[in-house]
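Have a look at the structure below, then try each task before reading on.

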Amino acid sequence: ITEYLADKMPGIHRVIRTRATNTEAGPRIYMEVIVMYGYNIHECLKEFKEKARKEIENLTAMNVVSLEVVAKSVYFPEKDL
């Protein structure tokens, strides 16, 4: 789910790691992503986190207890000269 959303978000290059821990209240999810150069990282991660939480809850019918998204790298797209 998160990799599909990352493909649709212009500021996220890709998800490099996802860890989920199940608790009685619901899953705790930790994600590491690579963000695209030129985007506001804070806003991009905030938007991705909100969309990911909503989609995971809608598609799985589970209440996500926590969702942490961390930018681990910045992707610089190569431009043809």
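**Exercise 1.** Is Lys51 buried, partly exposed or exposed? Keep in mind that you are working with a predicted model.

*Solution.* Start with the relative accessible area of Lys51, which is 38%. Next, recall the cut-offs: buried means under 20%, and exposed means over 50%. The value for Lys51 lies in between, so this residue is partly exposed.

**Exercise 2.** Find the residue with which Lys51 forms a salt bridge, and describe where the two sit.

*Solution.* Step one: the partner is Glu47, and the closest N and O atoms are 3.2 Å apart. Step two: check the distance rule, which asks for a nitrogen within 4 Å of a carboxyl oxygen; the pair passes. Step three: locate the residues. Both lie in helix H2, which covers residues 41-60. They are four residues apart, about one turn of the helix. Finally, Glu47 is partly exposed, with a relative accessible area of 37%.

**Exercise 3.** How many salt bridges does the rule give, and which parts of the chain does the pair Arg17 and Glu32 link?

*Solution.* The count is two salt bridges. Now take Arg17 and Glu32, whose side chains meet at 3.7 Å, N to O. This pair links distant parts of the chain: Arg17 belongs to strand E1 (residues 12-22) and Glu32 to strand E2 (residues 27-36), 15 residues apart. Arg17 is partly exposed, at 44% relative accessible area, whereas Glu32 is buried, at 7%.

**Exercise 4.** Which residues of the largest nonpolar core touch the most other members, and which element gives the most to this core?

*Solution.* Begin with a general idea: in soluble globular proteins, nonpolar side chains tend to be buried together. Here the largest nonpolar core has 17 residues, and Ile12, Met31, Val33, Phe48, Leu67 and Val69 touch the most other members. At least two residues come from each of helix H1 (2-8), E1, E2, H2 and strand E3 (66-75). H2 gives the most, with five residues.

Notes
Residues numbered from 1 in each chain as written. Predicted model: local features only at pLDDT ≥ 70, side-chain atom pairs only at ≥ 80, totals over all residues. Heavy atoms only, no water. Buried < 20%, exposed > 50% of the residue type's maximum accessible area, 1.4 Å probe, protein only. Core = buried A, V, L, I, M, F, W, Y, C linked by side-chain atoms within 4.5 Å.
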